[in-house]
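Trainee: I would like to learn how to read this model feature by feature. Where do we begin?

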Amino acid sequence: MSETDIKTHSFQTEAKQLLHLMIHSLYSNREIFLRELISNASDAIDKLRFKAIGHPELIEQDSDFHIDITFDAEAHTLTVTDNGIGMTTGEVMENLGTIAKSGTAEFLANLTGDEAKDSQLIGQFGVGFYSAFMVADRVEVLTRSAESDEGVWWSSAGEDSYEIDTREGLRRGTAVVLHLKTEAHEFADDFRLRSIVRKYSDHIGVPVRMAKATLPGAEEEEVDTAGEELEAVNSAQALWTRSRSEIDDDEYKEFYKHVSHDFDDPLTWSHNRVEGKLEYTSLLYIPKRAPFDLYNRETPRGLKLYVQRVFIMDDAEQFLPLYLRFIKGVVDSNDLPLNVSREILQQDERVTSIRNALTKRVLTTLETLANKEPEEYQAFWDEFGEVLKEGAGEDFANREALMKLLRFASTRGEDNKKTVSLDQYLERKTEDQDAIYYICAENYETAQRSPHLEIFKERGVEVLLLFDRIDEWLMSMLTDYEDMKFVDVMRADAEVPGASAEEKENEDSEEDDHPLVERISVVLGDKVEAIRPSKRLTSSPACLVLSEHAMGAQMRRIMEASGQSFPDSKPYFEFNPGHPLIQRLDGEQDEDRFAELVEVIFDQANLAEGGTLNDPATYVERMNRLLLELLGD
Ligand code: ADP
Ligand code: MG
């Protein structure tokens, strides 16, 4: 190799940032670098096995798959070798020099600089190949693609750049050579490496081999080209193919990290073998934390698909509905053909029935978690609740199950935590209550302090407080739960339970014939649909009420943000005849002053709901005039 052929390339900016973090902040659990390298080697073997289904010639020379770990304690090197699919020069540059994940730049921009927090975030992102730089000050990769005769050498110290060159005489597959940092020399040690492999990589479906511990009289097994005897250190059986009773929790957790590229343990999982008309095994995991790109539509999602133990594809999204896109895991089918493609998956009836079954499986797992481990379920809801709401809105077949999983903040709660289930709501409803009451607002404070809730609070009727972006849409999809209708307390027709007979009579007689109705309507004119004395206010002077079918404020804001515009739907203006301000208004003889006060009260009712004023300047002028009068001469 002549020096001049070596080309130096700069890492992509995002890759550089990630590398920097990997080297400087993620040092608490350095040994996981080995898990990442073995995981990549195993993926590379899976990919080649899959390719070989259609092109058996690719593996004719070398079809005995394995991952080998060797080390040199004197030279302080550690090498992980696989005979998987390998990489071409272009692939090396693409895979090791850039990060293709969309949203990476935004993700990195959100890092805080606080090392502890950032290392958590990086974990969510998936540490991957670059974790090698936690223990190595130089990493070399030697690789040859199964489809090419030309080998590639790549080398980097993990700073700004890497070097690359072609290399003759390489075997198919990839060798990653780590030149260990002084403070990581401990990893070039037989005992240490074996225990790391067993701890993190036992579930890998191919043998992970190391030089045999030389026991006198031991049987000859396999001899590699260097003449050293190798033996498998892991059990080399794909985890999901084993029976549940044989697998302990730690094994499940490590396998999760392999399939999900997550750094953290999963929250829970469900492992099942189905026999009968369709035969398949599934192992589904619920992560602890939402990935940073949960709402990015382009993010690949879905399960790892195997057919008869052979890896077919990553991100098979056809096996779960979109709203369960956060689920990670494996499905291994005995019925699908090995040459199945994404297009076929989309139309296949077997896939549809597996998908229905897996969806139910996830929902049951969540329900069990909610019943048995309410605190863990709460943690799940805090992370994934909004995504599950998509499901409650759109998955009609599973709506009942999904509605049981919903959690809301409520007027009974102390804070904005979403902890109340619909069942819990129904358990403590008042005697004559025949509806589930809710309010939608921009945020918790606005919802919780809305004047619309006054009468409900007074009569001890619980109201659910909704303030996620998706809520108004969700509530427009749901009509009832357990025969109880959902009722929006902001709507004109919302009736409040719990009135005594006397109160009812008063309410009826009060009806709409208050003398203020006429006078206010002269001022507000066609800004409002109608004006009426309120049955729902106890301490506020006035509020605005939506007519039955009008679009709510939250939905309107979302639609308008997306560039659509709508004719204004007019609210009802309700005033509280018992309020001192309204009583003063009633006694006001000066019509100009009366008009001024009505306008102010109208604007304030709007503000109290988190609305914005069309003409805030005029409102401020009016308020200032009134203030001046008050402070006056
Ligand atoms: P991930 O495994 O999440 O894709 P990594 O950072 O671990 O991310 O690896 C980046 C990419 O480099 C892999 O997706 C793969 O394309 C390539 N790669 C890494 N190790 C190997 C290997 N041993 N053989 C072939 N390709 C590899
Ligand atoms: Mg990886």
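Mentor: We will go through salt bridges, sheets, surface patches and backbone angles in turn.

Mentor: Some ground rules. This is a predicted model, where local features need pLDDT of at least 70, side-chain atom pairs count only at pLDDT 80 or more, and totals for chains, interfaces and linings use all residues. Residues are numbered from 1 along each chain as its sequence is written, chains are lettered from A and ligands numbered from 1 in the order in which they are written, and side-chain values use heavy atoms, with hydrogens and water left out.

Trainee: How many salt bridges does the count come to?

Mentor: Side chains of opposite charge can pair when their charged atoms come close. The rule here asks for a side-chain nitrogen of Lys or Arg within 4 Å of a carboxyl oxygen of Asp or Glu. By this rule there are 37 salt bridges.

Trainee: Which residue forms a salt bridge with Asp62?

Mentor: Arg172 does, with the closest N and O atoms 3.7 Å apart. Asp62 lies in the loop between helix H2 (32-54) and strand E2 (67-72), and Arg172 in the loop between strand E6 (161-167) and strand E7 (173-180), so the pair ties together parts that are 110 residues apart in sequence. Helices (H or I, at least four residues) and strands (E, at least two) are DSSP runs, numbered from the N terminus.

Trainee: Is Arg172 buried or exposed?

Mentor: The cut-offs first: buried means under 20% relative accessible area, exposed over 50%, and partly exposed in between (1.4 Å probe, protein chains only). Arg172 has 9% relative accessibility, so Arg172 counts as buried.

Trainee: Where do Glu599 and Lys527 lie in the chain?

Mentor: Glu599 and Lys527 form a salt bridge, the closest N and O atoms being 2.9 Å apart. The pair links distant parts of the chain: Glu599 sits in helix H20 (residues 591-608), Lys527 in the loop between helix H17 (515-524) and strand E21 (530-533), 72 residues apart. Glu599 is buried at 12% relative accessibility. Lys527 is partly exposed at 38%.

Trainee: Which residues are linked in a network of salt bridges?

Mentor: Arg30, Glu31, Glu186, Arg192 and Lys199. Take one pair from it. Arg192 and Glu186 meet at 2.4 Å, N to O. Arg192 is partly exposed, with a relative accessible area of 23%. Glu186 is also partly exposed, at 39%.

Trainee: Now sheets. In what order do the 5 strands of the open sheet run?

Mentor: Strands of a sheet pair through backbone hydrogen bonds, either parallel or antiparallel. Here two strands pair if DSSP finds at least two bridges between them. The order is E16-E18-E17-E20-E19, with mixed pairing. Strand E16 (409-410) and E19 are the edge strands, each pairing on one side only. E16 pairs with strand E18 (residues 463-466) in the antiparallel sense over 2 bridges. Within that pairing, Ala409 stands opposite Leu465.

Trainee: Which residues cover the two faces of E22?

Mentor: Ala542 and Leu544 lie on one side, Cys543 and Val545 on the other, and all are buried. E22 pairs with strand E23 (residues 572-575) in the antiparallel sense over 4 bridges. Leu544 has Phe573 as its bridge partner in E23.

Trainee: Which residues form the nonpolar patch on the surface?

Mentor: Patch members have over 30% relative accessible area and no salt bridge; like charges are joined within 9 Å, nonpolar side chains (Val, Leu, Ile, Met, Phe, Trp, Tyr) within 5 Å. Areas come from the Shrake-Rupley method with a 1.4 Å probe; for residues, only the protein chains shown count as cover. Leu627, Leu630 and Leu631 form the nonpolar patch, with about 350 Å² of accessible area together. Leu627 is found in helix H21 (residues 616-631). Leu627 is partly exposed at 39% relative accessibility.

Trainee: Where are His261 and Asp483, and what is the phi of each?

Mentor: Most residues other than glycine have a negative phi, and most peptide bonds are trans. His261 has a positive phi, near 60°. His261 is found in the loop between helix H7 (249-260) and strand E11 (266-274), and is partly exposed at 39% relative accessibility. The phi of Asp483 is also positive, near 65°. Asp483 lies in the loop between strand E19 (480-481) and strand E20 (484-488). At 76% relative accessibility, Asp483 is exposed.
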